[in-house]
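I opened my notebook to record, entry by entry, what I looked up in this structure. I begin with the sheet and then turn to the helices and the charged pairs.

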Amino acid sequence: MHTARFTLDPAFTVGEVNPRLFGSFVEHLGRCVYTGIFEPEHPTADDKGLRQDVLNLVRELGVTAVRYPGGNFVSGYKWEDSVGPAEDRPRRLDLAWHSTESNRFGLSEYIDFLRKIGPQAEPMMAVNLGTRGVAEALELQEYANHTAGTALSDLRVSHGDKDPFGIRLWCLGNEMDGPWQTGHKTAEEYGRVAAETARAMRQLDPGVELVACGSSSQSMPTFAEWEATVLKETYDLVDYISLHAYYWPEDGDLDSFLASAVDMESFIDNVVATADHVGARLKSKKRINLSFDEWNVWYLPEWEARAKTFEQDDWPEAPRLLEDNYSVLDAVVFGSLLIALLRHADRVTVACLAQLVNVIAPIMTEPGGPAWRQTTFFPFAQAARYGRGQVLDVRVDSPKHETKKYGETDLLHATAVRAEDGTVTVFAVNRSRTDALPLEVALSGLDLTRVVEHSALADADPDARNTLDDPERVALHPVDGTALRDGTLSAVLEPLSWNVIRLA
């Protein structure tokens, strides 16, 4: 096979990586919360019911901002149900996931969870603009963030939380363009209520950062028109517009699936163009950034097929939903999506992997039993650890192949990040399912002399995965033969592989 090439030069950069790019998402959906992060009866549970085995894995994963409580769940969410003594909280029907919500885990428990992850973990709270509106958003903001001396802040104190939660980052609803959303709205309707809510929240605290709902996917019939209409109403009031995207193989077309990041990068570019067009029309000097606050590999058609079998009078509590078991192939696609986000770090400054535990997640648990890493855990943990600093502009000269969905695509998908200490990490995916891919990287103006490490996620069986019975079947492995000589990095990328090459 022909060699793939690119050049790295510190004079040509994309932008600084915002730590929020490595965010995640906890929704009251299936077992993400109950028997996921929260299981008071578990042998490892702390005094607040949090599973410490899961906490350890979350820390290892390196997540930063954690979006909560949804997702579709938020459009029926009553924040008042989630505060105060757990034994007094009401049980509610959740229309989004046809489940019963006990509210045993609520707002205070969420903040406690973040604090126990560590100082890098930041709350990202969504407000309900589906069945509720401005008043309820303000009440939640006051309860969470005001110091004391008002009815709602004193109520928080009486519930045992003397210190304010300090939530800076807020989502103005969720996927309001989707007909599946409780309280679905047109772009005009949503733009108006989002603007009203944003204006009021800024009156309470001018320093809040606000995310307006963008399209639920690039394939939505209202895509781009939705963003333009919403931003026309909210441009000077919000900081971000959101993007959501999930990918799965369609009709067994694995080559197109492996090229999913082509769609993700197109989606990002199109939203940037739309936002900047609105800004130009408004003659604004402000720049709207992107919050890619739901992304992942998700076998969505399987969920849709199962949802049709649900008994309408059955409202289970914390059922097993969306518990996709990821293969090596899935993890390579997942890694490519991470590369896409890094390649757009100048405008994508928030991103949330959906979700964190059990539900299309990198971490799986068994009630009363162990927790383990899915294949997707490894690319995320490496990106979160080594993808900090300046993203270098990578333009590949790569062998190509034909895909049904995206036409001719590069077999190499890559980016590189230069840390503050001058070290460089190359992230690279070989999309070929059959052939190794030689790689040469010319280093210009970089004081690098050695390869610290080349690790890869690949397997002779692309369907290999980690399970309850075999939780360590798939893991990262070292790659031999990678060398740095006379300013050129040489490596061979295994077929169907995620690669991290660290240089110093």
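Which residue is the bridge partner of S455 in β22? I found that S455 has P478 as its bridge partner there. Before going on, I noted that this is a predicted model, in which local features need pLDDT of at least 70 and side-chain atom pairs count only at pLDDT 80 or more, while totals for chains, interfaces and linings use all residues. Residues are numbered from 1 along each chain as its sequence is written, and side-chain values use heavy atoms, with hydrogens and water left out.

**Entry: the sheet**

I looked up how β21 (residues 451–457) is joined to β22, and found 2 bridges between these antiparallel strands. Strands here are DSSP runs of E with at least two residues, and helices are runs of H or I with at least four, numbered from the N terminus; two strands pair if DSSP finds at least two bridges between them. I then traced the open sheet, whose 7 strands follow the order β2-β15-β18-β19-β25-β21-β22 with antiparallel pairing. Its edge strands, β2 (13–16) and β22 (477–478), each pair on one side only.

Helix α10 (residues 328–343) packs on this sheet and touches β2, β15, β18, β19, β21 and β25, where contact means heavy atoms within 4.5 Å. The direction of α10 makes about 50 degrees with that of β18; axes are lines fitted to C-alpha atoms, for helices over the stretch in contact, and angles run from 0 to 180 degrees between N-to-C directions. Helix α11 (residues 377–386) also packs on the sheet, and its direction makes about 20 degrees with that of β25.

**Entry: a helix pair**

I next looked up α5 (residues 187–204) and α6 (residues 225–234), which pack at an angle of about 30 degrees with their axes 8 Å apart. The two are therefore roughly parallel, a label for angles under 35 degrees. Among the residues that meet, I noted Y190 and R192 in α5, and W226 and E233 in α6.

**Entry: charged pairs**

How many salt bridges are there? I recorded 30, counting a side-chain nitrogen of Lys or Arg within 4 Å of a carboxyl oxygen of Asp or Glu. One of the pairs is R67 with E294, whose closest N and O atoms are 3.1 Å apart. This pair links distant parts of the chain, since R67 lies in β4 (residues 65–68) and E294 in β11 (residues 289–297), 227 residues apart.

Technical notes: Parallel < 35°, antiparallel > 145°, perpendicular 65-115°, else oblique.
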